[in-house]
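Dear colleague,

Please find below the structure that I am handing over to you, together with its sequence. My findings follow directly after it.

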Amino acid sequence: MLRKHARVAEYIENLAPAMSDHVNAEYPWAHAPGGAIAPRDHPFEEVSATEMVQFRHFVAELLKIQEGSL
């Protein structure tokens, strides 16, 4: 399961502002066509909606496991 979701996890990690050579999901981009674009308007097509739903479910299951171990 970890290998299956590794690409999506890495993609999400690379959205952090510290990763300056990747798309920054927190701030508008000034060099976009037409001036600026807000991250909410970017399609983020690198990961499909299906992959994101599956990843979200995977993380939710991991959190349930963690909660049970406390």
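**Findings on helix H1**

His5 is buried, with a relative accessible area of 4%. In this account, buried means under 20% relative accessible area, exposed means over 50%, and partly exposed is in between (1.4 Å probe, protein chains only). The place of His5 is in helix H1. Leaving out residues up to four places away in sequence, His5 touches Gln54, Phe55 and Phe58; contact here means heavy atoms within 4.5 Å.

Please note that this is a predicted model, in which local features need pLDDT of at least 70 and side-chain atom pairs count only at pLDDT 80 or more, while totals for chains, interfaces and linings use all residues. Residues are numbered from 1 along each chain as its sequence is written, and side-chain values use heavy atoms, with hydrogens and water left out.

**The protein as a whole**

The protein contains 2 helices and 2 strands, and from the N terminus on these elements run α-β-β-α. Helices (H or I, at least four residues) and strands (E, at least two) are DSSP runs, numbered from the N terminus. Of the 70 residues of the protein, 19% count as buried. Among the contacts with a separation of 6 or more, 42% are accounted for by residues 24 or more positions apart. The protein exposes about 5700 Å², and carbon and sulfur atoms supply 60% of this area; accessible areas come from the Shrake-Rupley method with a 1.4 Å probe, and for residues only the protein chains shown count as cover.

Which residues of helix H1 are buried? In H1 (residues 2–13) they are His5, Val8 and Tyr11. These residues cover an arc of only 105° around the axis, which puts them on the same side of H1; the arc is that of the directions from the helix axis to the C-beta atoms. As a general point, an α-helix has 3.6 residues a turn, so residues three or four places apart point the same way. The face of H1 turned away from its buried side carries the exposed residues Leu2, Arg3 and Glu13.

**How H1 meets H2**

The buried residues of H1 pack against helix H2 (49–68). H1 and H2 pack at an angle of about 105°, and their axes are 10 Å apart. Axes are lines fitted to C-alpha atoms, for helices over the stretch in contact, and angles run from 0 to 180 degrees between N-to-C directions. H1 and H2 are therefore roughly perpendicular to each other, a description used for angles of 65 to 115 degrees (under 35 counts as roughly parallel, over 145 as roughly antiparallel, and the rest as oblique).

On the H1 side, Leu2, Lys4, His5, Arg7, Val8, Ala9 and Ile12 meet Glu51, Met52, Gln54, Phe55 and Phe58 in H2. The residues of this contact divide into 7 nonpolar, 2 polar and 3 charged. Here Ala, Val, Leu, Ile, Met, Phe, Trp, Tyr, Cys and Pro count as nonpolar, Asp, Glu, Lys and Arg as charged, and the others, Gly among them, as polar.

**Further residues of H1**

Ala9, in helix H1, counts as partly exposed at 31% relative accessibility. The C-alpha atoms of Ala9 and Phe55 are separated by 7.9 Å, although the two residues are 46 residues apart along the chain.

Arg7 also lies in helix H1 and is partly exposed, with a relative accessible area of 44%. Leaving aside neighbours within four places in sequence, Arg7 is in contact with Glu46, Val47 and Glu51.

Is Tyr11 buried or exposed? At 16% relative accessibility, Tyr11 counts as buried. Beyond its neighbours within four places in sequence, Tyr11 is in contact with Phe44, Glu46 and Val47.

With kind regards
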